[in-house]
Amino acid sequence: MSAGPLQERVAFDMPTLVADGRGGNERTFSEEYRCAAHFKYVRGREAVDAGGLTGTAVFKVKIRSCLAALRITADYRMRDVRRGLSYNVIDMDNVTDRDWVWLTVEAGVAI
């Protein structure tokens, strides 16, 4: 597949622990990598959570393979740079195709 469909811009944020000033730590994110991507909708679902209805959406995201992309793990957060949306990285496939990394991400859940 050519680079044509890579029309989205995403950033990947690595989690870091920072002292919270009360003797504990809190998780924050710092941007590690930014690239072009292609989104493919997989599924959505709704669930009752804390008395309210919440919806989630799962996407497959394709990015070019490189050293920075290969360091992404399920701890990372992905952000849609244009829309300001954040996604949890659920899974990544960097084995099937050496030119591309396929990520499974989920929107609509606490990050």
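## Close-up views of a predicted model

Aspartate 80 is buried, at a relative accessible area of 1%. Here buried means under 20% relative accessible area, exposed means over 50%, and partly exposed lies in between (1.4 Å probe, protein chains only). This is a predicted model, in which local features need pLDDT of at least 70 and side-chain atom pairs count only at pLDDT 80 or more, while totals for chains, interfaces and linings use all residues. Residues are numbered from 1 along each chain as its sequence is written, and side-chain values use heavy atoms, with hydrogens and water left out.

**View 1. The protein chain has one helix and six strands.** Helices (H or I, at least four residues) and strands (E, at least two) are DSSP runs, numbered from the N terminus. Along the sequence, the order is β-β-β-α-β-β-β. The chain has 111 residues, and 31% of them are buried. A contact means heavy atoms within 4.5 Å. Take the contacts with a separation of 6 or more: residues 24 or more positions apart account for 53% of them. The protein chain exposes about 6900 Å², with 49% supplied by carbon and sulfur atoms. Accessible areas come from the Shrake-Rupley method with a 1.4 Å probe; for residues, only the protein chains shown count as cover.

**View 2. Arginine 83 pairs with aspartate 80 in a salt bridge, with the closest N and O atoms 2.6 Å apart.** A salt bridge is a side-chain nitrogen of Lys or Arg within 4 Å of a carboxyl oxygen of Asp or Glu. Side chains of opposite charge can pair when their charged atoms come close. Seven salt bridges turn up in a search of the whole structure. Glutamate 8 also meets arginine 83 through such a bridge, at 2.7 Å from N to O. That pair links distant parts of the chain, 75 residues apart: glutamate 8 is in strand 1 (residues 8–19), and arginine 83 is in the loop between strand 4 (77–80) and strand 5. Glutamate 8 counts as buried, at 17% relative accessibility. Arginine 83 counts as exposed, at 52%.

**View 3. Arginine 22 and aspartate 20 form a salt bridge, with 3.5 Å between the closest N and O atoms.** Arginine 22 is exposed, at 72% relative accessibility. Aspartate 20 is partly exposed, at 22% relative accessible area. Elsewhere, salt bridges with shared partners join Asp13, Glu31, Arg34, Arg77 and Arg79 into one network.

**View 4. Asparagine 25 lies in strand 2, which covers residues 25–49.** This asparagine counts as exposed, at 53% relative accessibility. Which residues touch asparagine 25, leaving aside its neighbours within four places in sequence? They are Leu17, Val18, Ala19 and Asp20.

**View 5. Phe39, Tyr41, Phe59 and Tyr87 make up one aromatic cluster.** A pair of aromatic rings is described by the distance of the centres and the angle of the planes. Rings of Phe, Tyr and Trp (its six-membered ring) pair if their centres lie within 6.5 Å; planes under 30 degrees apart count as stacked, over 60 as edge-to-face and the rest as tilted. By this rule there are five aromatic pairs. One of them joins phenylalanine 39 and tyrosine 87 edge-to-face, with centres 5.9 Å apart and planes at 65 degrees. Its partners come from distant parts of the chain, 48 residues apart: phenylalanine 39 in strand 2 and tyrosine 87 in strand 5 (residues 85–93). Both phenylalanine 39 and tyrosine 87 are buried. Phenylalanine 59 and tyrosine 87 have ring centres 5.9 Å apart and planes at 90 degrees, so this pair is edge-to-face. It too links distant parts of the chain: phenylalanine 59 is in strand 3 (residues 52–64) and tyrosine 87 in strand 5, 28 residues apart. Phenylalanine 59 is buried, as is tyrosine 87.

**View 6. Lysine 62 lies over the face of tryptophan 100.** The distance to the ring centre is 4.2 Å. A charge sits over a ring if NZ of Lys or CZ of Arg is within 6 Å of the ring centre and within 35 degrees of the ring normal.

**View 7. The structure has zero disulfides.** Cysteine 35 is in none; its nearest cysteine sulfur belongs to cysteine 66, 7.1 Å away. Cysteine 66 is likewise in no disulfide, with the sulfur of cysteine 35 as its nearest at 7.1 Å. A disulfide is a pair of cysteine sulfur atoms within 2.5 Å. Are the two cysteines buried or exposed? Cysteine 35 is buried, at 7% relative accessible area. Cysteine 66 counts as partly exposed, at 27%.
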